[in-house]
Amino acid sequence: MLHDFFEYGFMVRGAVAVLLSSICAGIAGSYIVSRRIVFLSGGITHASFGGIGLGHWAGFNPVAGAALFGVASGLAAGYLSGKRKMSEDSAIGIIWAFGMAAGIILIHMTPGYAPNLMSYLFGSILTVTRGDLIALAVMALLLVLYFSLFYRALVYMAFDEEYARTWSSSVDIFRYISIALISLTVVLNIRVAGVILVLSLFTIPPNVVMLFTNDYKRIVPASVAVSFTSVAAGYTLSFYLGIPTGATIIITLVVIYLVCRLIRAIINRLGERSVLSLNSKK
Amino acid sequence: MEPLLKIESVTTGYESRAVLEDISLKVYADDFIGVIGPNGGGKTTLLRLIMGLLRPWKGSVTLLRENGRKINVGYMPQMSQADPHFPLTVTDVVMSGLMSGKGITGRMRRRDRARASSIMDEMGIAHLSSVSVGGLSGGQRQRVFLARALIGDPRLLLLDEPVSFTDNEFEKGFYEKLYEYRGRVAIIMVSHDLGTISGYVKSFACVNRTLHYHRSAKISEEQLRAYGCPIQLVAHGDVPHTVLKRHE
């Protein structure tokens, strides 16, 4: 059976994509969830659809267009809210819808049929190219380097920005670099799960881990592990059941989250009971 | 004795609005100054100015240099600044007080960890070292932030409303703890509660756009009025003198 699986080149490329995507999702996702910038990341992802449209219309690589739109919108939202020019969620709401609208119009204006629309919205891991994989690998490497080299600075800046300004004059620079890297990461993973689904690929694994620990040092590697397990499971399942991969991965993630919540609830209940029995013995 | 901190005729504020005008202050090694004043009068701005978070438009702020580098300043900002839900352990938060001497990669060494555990011991939070800050009570969290301010062995300690959102018992313990540090580190503490802190501080600074320095822990309502510092209305209701003279 495993033989079937690896007989096809696209299946191997898909498997490599699963691994790289999990590393990206675990590292960037931990940051997104801990800083509570899930909505911002959602805005970035959807805005990048405008770039996909632009790529189709102007005839260049849609992923490059998406990366451009994603990073630009992330920085714009960061600037607007950082300068208090407008509330962050309003800024994101506008950017979100603008990107989607621009994408639809540009694709509509492109002559001929646009066959990839569904794959951009819901992902198509089986169509990843060698180029996509190289981009994902570079991204994963960048994230590992950035977050391990500046681990403490990044975490402390996220926790208490005002205090961080007393020991660093580059708080704003780091905020922009982080937003740019997160935007790029999310956008490159659109191939795997699509514009609409990719965000849960990033946000569910850290939420699973945070049921069991509240220590950032542990959340990151554990999220990578949860992400890899569930993406690999979803990927394999979709292959044997012949159903869409992106959607299967997300359903797998949600099921894992629910199971872990249940386990957490049982642990809590057992804990309470042992406390109660200790109290009654007193 | 040279002052640790010299503020000379400083005017500063936000955007184009001046919050502090022509203020001067000298702080010496054994000072314990209570900073009082009405809301919006510039108390927090004064601390941010000393920390370098805000630059003077006019005048100068000078920290003493020892062995070729500026003295360490410990800072405990107001409670509301940090993100209480960020998944970080108490030890990590305390160690962030060492970042100013570290550079951006913030590599922590064995002796940094040892220093963190000794300061957590001193603050009575050693048992919480691996707990997430999000799960702490208000009082516990304030002790963590005090530990963060003290871990770098500062010569000067700035505290901004350290006992707001905590209960009376914590408040008393917190002030007693600070009192132990009196003499080892100069302290500047912003507070609303003139009555309670008058038992601990050595002098007052009334901040209300301008700064009046009162070189005594006793201060009367008349003096406050003369300083243009309408604090007594907020701080101690109908019986100001009873409260203020408690420590005579």
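**Ground rules.** I am working with a predicted model, where local features need pLDDT of at least 70, side-chain atom pairs count only at pLDDT 80 or more, and totals for chains, interfaces and linings use all residues. Residues are numbered from 1 along each chain as its sequence is written, chains are lettered from A and ligands numbered from 1 in the order in which they are written, and side-chain values use heavy atoms, with hydrogens and water left out.

**Chain B overall.** I found nine helices and eleven strands in chain B; these are DSSP runs, helices being H or I with at least four residues and strands E with at least two, numbered from the N terminus. Chain B has 248 residues, and 52% of them count as buried. For my own reference, buried means under 20% relative accessible area, exposed over 50%, and partly exposed in between, with a 1.4 Å probe and protein chains only. I also looked at contacts (heavy atoms within 4.5 Å). In chain B, 67% of the contacts with a separation of 6 or more are between residues 24 or more positions apart.

**Positive phi.** Most residues other than glycine have a negative phi, so I noted two exceptions. B:Glu15 has a phi near 50 degrees and sits in the loop between strands S1 (5–14) and S2 (17–27) of chain B. B:Glu15 is exposed, at 82% relative accessible area. B:Arg209 has a phi near 70 degrees and lies in the loop between strands S10 (203–208) and S11 (210–214) of chain B. At 42%, B:Arg209 is partly exposed.

**The A–B interface.** I see 27 residues of chain A in contact with 29 residues of chain B. The two chains bury about 2,600 Å² between them, 64% of it on carbon and sulfur atoms; that is the accessible area (1.4 Å probe) the two parts lose on being put together, summed over both.

**Salt bridges between the chains.** How many salt bridges are there between chain A and chain B? I get five, counting a side-chain nitrogen of Lys or Arg within 4 Å of a carboxyl oxygen of Asp or Glu. On the chain A side, helices H8 (151–159), H9 (161–167) and H12 (216–241) each supply at least two of the residues touching chain B. H8(A) gives the largest share, seven residues.

**A:Glu162 with B:Arg48.** Their side chains meet in a salt bridge at 2.8 Å, N to O. The pair crosses from helix H9 of chain A to helix H1 (residues 43–51) of chain B. A:Glu162 is buried at 13%, and B:Arg48 is buried at 14%.

**Around B:Asp92.** A:Lys217 forms a salt bridge with B:Asp92, the closest N and O atoms being 2.6 Å apart. This pair joins two chains, because A:Lys217 lies in helix H12 of chain A and B:Asp92 in helix H2 (residues 90–95) of chain B. B:Asp92 is buried at 3%, while A:Lys217 is partly exposed at 39%. Salt bridges that share partners join A:Arg152, A:Asp215, A:Lys217 and B:Asp92 into one network. Within it, B:Asp92 and A:Arg152 have their closest N and O atoms 3.2 Å apart.

**Inside chain B.** B:Arg155 is partly exposed at 27%, and B:Glu66 is partly exposed at 31%.
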